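Try each task before reading its solution.

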Amino acid sequence: MTADEQKKAAAQAALEYIRPGMKVGLGTGSTANHFIRALAAKVRLENLDIECVPTSGQTNQLASSLGLRMTTLEKHPLLDVTVDGADEFDGNFQLIKGGGGALLAEKIVASSSRYMIVIADQSKQVETLGKFPLPVEVVPFGVKATAWKIERALRLLNLTGKLVLRVKDGKPFRTDNGNTIIDVSLGAIPDPNRLSIYLNNVPGVVEDGLFIDICSIVLMGTDKGVETFKKAAHRPS
Ligand code: 5RP
């Protein structure tokens, strides 16, 4: 199975968790896109009254074009479930997200859901987070000063990281919110919770890509089928 086939299988498996009347958060990225297509087909076939909240303009466009009914967090501040991909997940259901640059909306939407399901191919499973550079969304104003303060925060935690301002088509990458992203290569993140707290204390940092205690189910596509990991204690419903 290719990685894309594994993503597709995981996306298909997530349909099992969708019930009539649900308000569903839709993630961003290639795996989330598989889920959006599969969900749209299910909604059409079963005439389901599902409403969805997108985590990016890109997702909104795809989901709307497939006929899914879109809504907002303003109308529904508590969603039933969010289904999204991830750049990495570990054995404690902690994630790195933001490879596609949608981490802020993804974190707001997922944390506003009764539970979050991550769908992923096998390559996303890690023992320790951090091989994937950690995306940190920052406001463009004073970005160098913010980068310096991020480095200082890393030093306080005895971490060494390489900071790279994300570039797309030769220009600084802009998120849907007009911010930019600093990708922080750390190699390993021994204490993701502590790092997230330190990063979010830096003025100029809008959000970091560490999803701590947000995800409670991971569906991972493998060559042998989809493996399900469930956290013992689900977030309260
Ligand atoms: C977007 C994300 C994605 O979920 C993450 O980058 C995984 O992407 P893909 O499903 O394309 O492998 O966090 O901000």
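## Exercise 1: Where the domains meet

Task: find how many residues of domain 1 and of domain 2 are in contact.

Solution. Start with contact, meaning heavy atoms within 4.5 Å. By that rule, 12 residues of domain 1 touch 16 residues of domain 2. This is a predicted model, where local features need pLDDT of at least 70, side-chain atom pairs count only at pLDDT 80 or more, and totals for chains, interfaces and linings use all residues. Residues are numbered from 1 along each chain as its sequence is written, and side-chain values use heavy atoms, with hydrogens and water left out.

Next, locate the parts: domain 1 covers 3-126 + 212-224 and domain 2 covers 134-208, with bounds from an automatic or database domain assignment.

## Exercise 2: Salt bridges at the interface

Task: find how many salt bridges cross the interface of domain 1 and domain 2.

Solution. Look for a side-chain nitrogen of Lys or Arg within 4 Å of a carboxyl oxygen of Asp or Glu. That rule gives two salt bridges across the interface. Now inspect Asp-208 and Lys-107, whose side chains form a salt bridge at 3.6 Å, N to O.

## Exercise 3: Oxygen atoms of the ligand

Task: which polar atoms of Lys-97, Gly-100 and Glu-106 lie by a ligand oxygen, side-chain or backbone?

Solution. Take each residue in turn.

- Lys-97 places a polar side-chain atom 2.8 Å from a ligand oxygen.
- Gly-100 has a polar backbone atom 3.2 Å from a ligand oxygen.
- Glu-106 uses a polar side-chain atom, 3.1 Å from a ligand oxygen.

Notes:
Polar contact = N/O pair within 3.5 Å; in protein donor to acceptor, adjacent residues only side chain to side chain.
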